[in-house]
Amino acid sequence: MESLPINAVLVVIDVQSGFDHPKWGTRNNPEAEANVAKLLEIWRQTLRPVIHVRHMSLEPDSPLRPGQPGNEFKALAAPLERERVEEKSVNSAFIGTNLEQHLRENHWNTVVIVGLTTDHCVSTSARMSGNLGFRTYVVSDATATFNRRGSDGEDYLAENVHAYALASLHDEFATVVKTVDVLEACRSAACAT
């Protein structure tokens, strides 16, 4: 992976307690949040910008609905006071938020996307980010998803859904990378503070 500019933005999508609810079913990549925490740590150490996105579900029975405990950020990925939070009620972090405007006003052209879930909000946000002209990375092992059932009644394992979603993003809307590669790029001389 090439080095990252010092103003590369870490966009942390929907790392909320509600995704621990059993209603979602079986999940892949139990290490996703730990990898998000590692990335947050190096972003904070090197004073890079971080933006958190919170899903504010409009569905009455959603664990992610405002007022529900599941709407809260998970502790290991909770924003610091100085870190910006954008709130959305749809899949894309760019719709109904000031995310694009904030990135452009600050001349931040590179985004590194992590969070939940790979095939929904992460994928939708990455696709829009790429289409809007941002240099976009998705960190494969700092994302996760759940088993899905197709319209044909077929069940799809979370690991396969995750892999398919990342494959459809890579080299089209974003560059898919691993946490270890991002950490190394941040530690390299080219992007040191």
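Let me begin with a term: a residue is called buried when its relative accessible area is under 20%, exposed when that area is over 50%, and partly exposed in between, with a 1.4 Å probe and the protein chains only. What you see above is a predicted model, in which local features need pLDDT of at least 70 and side-chain atom pairs count only at pLDDT 80 or more, while totals for chains, interfaces and linings use all residues. Residues are numbered from 1 along each chain as its sequence is written, and side-chain values use heavy atoms, with hydrogens and water left out.

With that in hand, phenylalanine 19 counts as buried because its relative accessibility is 7%, and phenylalanine 146, at 3%, counts as buried too. There are four aromatic pairs in the structure, where a pair means that ring centres of Phe, Tyr or Trp (its six-membered ring) lie within 6.5 Å, and the planes count as stacked when under 30 degrees apart, edge-to-face when over 60, and tilted for the rest. Phenylalanine 19 and phenylalanine 146 make a stacked pair, at 6.1 Å centre to centre with 25° between the planes. Phenylalanine 19 is in the loop between strand 1 (9-13) and helix 1 (32-45), and phenylalanine 146 is in the loop between strand 5 (135-144) and strand 6 (148-149), so the pair ties together parts that are 127 residues apart in sequence. Helices and strands here are DSSP runs numbered from the N terminus, helices being H or I of at least four residues and strands E of at least two.

Ring pairs also bring Trp24 into a cluster with Phe19 and Phe146. Over the face of tryptophan 24 lies lysine 23, at 5.0 Å from the ring centre, and in a second case the charged end of arginine 48 sits over the ring of tryptophan 43, 5.8 Å from its centre; the criterion is that NZ of Lys or CZ of Arg is within 6 Å of the ring centre and within 35 degrees of the ring normal.

Which residues touch the most other members of the largest nonpolar core? Among its 22 residues they are Leu4, Leu10, Leu39 and Trp43, a core being a set of buried Ala, Val, Leu, Ile, Met, Phe, Trp, Tyr and Cys residues joined through side-chain atoms within 4.5 Å. Helix 1 gives the largest share of this core, five residues.

Finally, proline 79 is found in the loop between strand 2 (50-55) and strand 3 (84-88), and it counts as partly exposed because its relative accessibility is 23%.
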